[in-house]
Amino acid sequence: MYTSIGFFTVATGDEHYYKIAVNLLRSYRHFSKNPLPFAILADRENEYTKEFDRCILLTQPTNSYLDKLALYDYLPFDTGIFIDADCLAYGDLNEIFAHFSDADDFCCYGRVLPLEDKTGWFNYEDLGELQSRVSYCVGLHGGIYYIRRGEKAAAVFNTAKEISADYKKYNFKGHFATPGDEPILALSMALTGCKPIPFRPEGICCYWEYENGMDLNVGAGSAKIKKTGQRTHLVHWGTRFTRGLLYQKQVAGLELCRNGQTGMQLALSDGKYNGKIALEQTGRLLTRVRNKLNRMIGRGNK
């Protein structure tokens, strides 16, 4: 029997999320030898959603992290990999499916932790009446979710919705402006017997963990951690960094490559952005120096 397979992302609310979602899509198609269908879950159709193979409209979007709790309800494929819109591909993402070949219906990269562990998204002692239903804690990365139609995946998302109604009750970790999907899904996985697979840095790396410590060359389709040389297929930038010059440099280079312009054109584009980045860094340094001098002068006048 034919089973559909593909990738999908979510963009709702601010137009910026649609822009970065299209950048993710274009980077995937550019580096994949045999691109799979790529869908978007959205709160409206627009010029950006037209580029996707499918656009599925959410009937009650929250324009927050909680929209990710509806992934199963709107699952566009029998087996799909969700990718956060603030990611960029630097290799063939189709290879990531192999990482989850033995995974549960719902899965992600992360860690199964003992109940006494304090490094996951929740602490066992904060679970109250749920303690008897949990035998392990979960640490996970929410940039990628693997979802396969099945009872267990459905249970994970149904349970997550129930948990979200009492979000503050469980003292979740993380600094989210609104209830975060990662803490909720981590607890839901523990309650439904789902487990993450060990983290695979070749699958995804978080830029904010290596700020100024990654060697990014979109023209060569290469992203690696400078200190270790570890390469990755997918860089999770984090929304705030997608508004910065380094991300914009990657996107500009990607567009040149997609249009067949490399070599000199790519070097000129990189040089322009490198100049802007240097000026920005110099401005930040001068601001820190000025603030430090003002503090020293202030202390001297006391």
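Trainee: Which residues have the most contacts inside the largest nonpolar core?

Mentor: This is a predicted model, in which local features need pLDDT of at least 70 and side-chain atom pairs count only at pLDDT 80 or more, while totals for chains, interfaces and linings use all residues. Residues are numbered from 1 along each chain as its sequence is written, and side-chain values use heavy atoms, leaving out hydrogens and water. A nonpolar core is a set of buried (under 20% relative accessible area) Ala, Val, Leu, Ile, Met, Phe, Trp, Tyr and Cys residues joined through side-chain atoms within 4.5 Å. The largest one has 47 residues, and those with the most contacts inside it are Ile83, Phe100, Ile144, Leu234 and Trp237.

Trainee: Which helix gives the most to this core?

Mentor: Helices are DSSP runs of H or I with at least four residues, strands are runs of E with at least two, and both are numbered from the N terminus. With eight residues in the core, the element that gives the most is helix 1 (residues 15-31).

Trainee: How far apart in sequence are the parts that Asp53 and Arg29 tie together?

Mentor: A salt bridge is a side-chain nitrogen of Lys or Arg within 4 Å of a carboxyl oxygen of Asp or Glu. Asp53 and Arg29 form one, with their closest N and O atoms 3.2 Å apart. Asp53 lies in the loop between strand 2 (38-42) and strand 3, and Arg29 in helix 1, so the tied parts are separated in sequence by 24 residues.

Trainee: Is Arg149, the salt-bridge partner of Asp78, buried or exposed, or partly exposed?

Mentor: The closest N and O atoms of Arg149 and Asp78 are 3.0 Å apart. Arg149 sits in the loop between strand 9 (144-148) and helix 3, whereas Asp78 is in the loop between strand 3 and strand 4. A residue over 50% counts as exposed, and one between that and the buried limit as partly exposed. Because its relative accessibility is 38%, Arg149 is partly exposed.

Trainee: Which residues make the nonpolar surface patch of about 450 Å²?

Mentor: Patches take residues with over 30% relative accessible area and no salt bridge, joining like charges within 9 Å and nonpolar side chains (Val, Leu, Ile, Met, Phe, Trp, Tyr) within 5 Å. Accessible areas come from the Shrake-Rupley method with a 1.4 Å probe, and for residues only the protein chains shown count as cover. One member, Leu285, lies in helix 6 (residues 264-300). The patch is made by Leu285, Val289, Leu293, Met296 and Ile297.

Conventions
Buried means under 20% relative accessible area, exposed over 50%, partly exposed in between (1.4 Å probe, protein chains only).
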